[in-house]
Amino acid sequence: MEIKRPAKDKKLSPALTLGVPAEWCRLCRLWFDRSTYALRNRNKSYYFLLNVGRWLGKVHPEVLSPGDWTRELAAEAVSIVCQWHGGDWCSIDPVHVKSRSQILAPSTRAGRISILRIFFRDLQEWELIPRRFDPMRSMVTPKSILALIGPNPRAIADDVWAKLIWAGLNLTADDLPKIGDFRHVPFPSTAYPIEMSRALVTTWLFAGLRSNEIVRLRVGCIRWQKDDVTVPGTGETLPADAVCLLDVPVNKTSTAFTKPVDRIVGEAIAVWEKVCPQGVKLPDPKTGELVDFLFLIRLTRVGMTYLNKTLIPALCKKAGVPLADVRGNITSHRARSTIASQLYNAREPMTLFELQEWLGHSSPHATQHYAKITPLKIAKSYADAGYFARNLRAIEVLVDQDVVRSGRAATEPWKFYDLGHGYCIYDFFEQCQHRMACAKCDFYMPKESTAALLLEGKSHLLRLLQEIPLGEAEQAAVEDGVAAYENLLSKLTDVPTPAGPTPRQIGAGFVQITSVRPALPASTPAESRSNAVGSREPDSRERSLPVLQQVGRSQQRTRRRS
């Protein structure tokens with residue numbers, strides 16, 4: 001009886017190519033061997049191409065090779081990928097599919113269309129298949145998919161992140177899982193020294209590095225700033241030892257660079273360097289050069305999964321937070337988004353280009369996928385922009401308190417809007433179409449008239465400010481100059497005035513209002529109560545003028561007081 005063991009290399013499993021045309025399988029393997037992409041990307045692409053081959057063998061059994069594809073079949077394949085669900089056309093080998101029976105994320109579908117496009121492009125350029133269509137045009141990602149893709153940083157909530165930082169700064173050996181048989185080892189130990197685990201955790205919490213960059217850090221990667229330094233261009237002074245400099249190795253988006261990090265990172269790494277055993281130079285998997293790795297123990301570099309599988313779950317347990325939230329599992333890469341978002345929303349934030357250099361990105365577009373503006377900061381910026389106040393203006397109003405108190409407000413004018421060259425006695429002035437260019441209708445009172453002079457001589461006048469909303473044309477007339485004002489006048493020529501006739505019928509010409517000013521901030525409730533209609537105030541323009549409430553509300557209040 002023969003014991004059949006599973007293939008060590010999944011690509012050598014016979015079930016992987018089951019149902020795939022032989023020529024399609026051969027060219028897929030040839031592309032995998034010749035492609036210059038990273039091994040992880042090639043593996044992912046190879047398995048997907050075999051899934052496409054299984055779909056091809058089932059739906060189009062007459063198509064046996066990539067050379068048989070036409071433009072129509074390419075369009076159909078793109079349509080199928082746009083509707084792809086997790087687990088579709090997989091091999092019969094037992095595999096873990098994270099999103100089985102769920103439609104793939106838009107970025108995943110776009111990536112798989114890109115895999116097909118690159119696969120056919122390479123085969124045509126290598127002259128392995130004839131050029132029957134242009135894959136760069138026939139396999140373009142649909143705009144409906146691209147519209148669903150955008151920056152969506154998976155930042156960890158601030159309260160959860162604060163607990164993880166506390167757990168990392170207080171990490172002890174008892175918090176880490178032990179190794180060894182408890183029955184034979186009376187005092188089991190952790191997999192790695194506690195000093196190395198603390199250095200790993202601190203670097204993850206404060207440096208904003210990828211996990212691949214963390215495990216590939218080299219001995220001596222920390223450099224200290226010993227003296228005060230003047231920042232060029234600003235004249236500001238950076239105190240000594242305020243930060244330390246971390247040398248980041250070559251990564252997937254940039255060459256080696258240096259970034260400032262908190263001094264706590266340098267202190268944790270310095271503690272580990274003092275106790276770490278003597279190691280040997282090992283080849284860097286990214287560059288191939290022999291280097292002294294910082295996180296090296298027993299002549300072996302720390303495992304790539306140690307951070308995600310061991311340290312982060314230990315931190316979550318110590319901090320009392322779950323291993324996942326609404327955005328997914330708490331992983332090493334989510335710390336990068338969290339730190340970038342916090343630096344972007346700080347009191348004195350880093351700019352997008354500064355954050356790009358700090359993260360080691362090749363373009364600001366990539367940085368946008370990590371930095372997210374918090375809703376609170378957007379709300380503060382919106383409030384500071386003063387959008388509502390921009391569309392308001394304030395005009396001075398004279399209230400004749402004698403008329404209000406005597407009960408004659410229903411039959412006599414009691415509210416006079418100061419237009420600069422005269423007064424308007426129309427109670428609903430803020431609704432008048434001619435509020436920014438008076439047509440001198442029957443509600444207009446020139447300041448040179450006897451009635452206006454008698455009004456200004458009264459001792460019981462209350463001076464207030466009335467906010468009036470401006471339309472688009474009126475806003476342009478206020479801010480854009482003479483041309484916009486003349487455009488407003490041309491629109492109002494045949495608009496009836498509150499008295500009835502139009503400005504063309506009146507024939508007096510328009511008069512521009514000269515006493516309009518920017519709206520004042522909203523009054524507090526206490527101020528509004530102390531400055532209500534009927535209160536005693538001196539007739540002085542030097543004191544601040546309160547904002548008049550809405551006209552209807554003012555009339556009701558005056559009638560009740562009278």
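The residues lining the second largest cavity divide into six nonpolar, no polar and no charged. That cavity belongs to a predicted model, in which the count comes to two cavities of 30 Å³ or more.

**Second largest cavity**
- The volume of the second largest cavity is about 30 Å³.
- Its lining is made up of Val52, Trp55, Ala77, Ile80, Val81 and Trp84.
- Two elements, helix H2 (39–59) and helix H3 (71–82), each give two or more residues to this lining.
- H3 supplies the largest share of the lining, with three residues.

**Largest cavity**
- The largest cavity has a volume of about 80 Å³.
- Of the 13 residues that line the largest cavity, Cys424, Cys432, His434, Cys438 and Cys441 are the closest to its centre.
- By class, its lining holds ten nonpolar, two polar and one charged residues.

**Ala199**
- Ala199 sits in helix H8, which spans residues 194–206.
- The relative accessible area of Ala199 is 0%, so the residue counts as buried, a class set at under 20%.
- Leaving out residues up to four places away in sequence, Ala199 touches Ala268, Ile269, Trp272 and Phe295.
- Val265 lies 66 residues from Ala199 along the chain. The C-alpha atoms of Ala199 and Val265 are separated by 7.2 Å.

Terms used: Residues are numbered from 1 along each chain as its sequence is written. This is a predicted model: local features need pLDDT of at least 70, side-chain atom pairs count only at pLDDT 80 or more; totals for chains, interfaces and linings use all residues. Side-chain values use heavy atoms; hydrogens and water are left out. Helices (H or I, at least four residues) and strands (E, at least two) are DSSP runs, numbered from the N terminus. Buried means under 20% relative accessible area, exposed over 50%, partly exposed in between (1.4 Å probe, protein chains only). Contact means heavy atoms within 4.5 Å. On a 1 Å grid over the protein atoms alone, a cavity is a set of points where a 1.4 Å probe fits but cannot get out, and a pocket is an open set with protein on both sides within 12 Å along at least five of seven lines; lining residues have an atom within 4 Å of a point. Grid points are joined across faces, edges and corners, and a volume is the space filled by probe spheres set on the points. Ala, Val, Leu, Ile, Met, Phe, Trp, Tyr, Cys and Pro count as nonpolar, Asp, Glu, Lys and Arg as charged, and the others, Gly among them, as polar.
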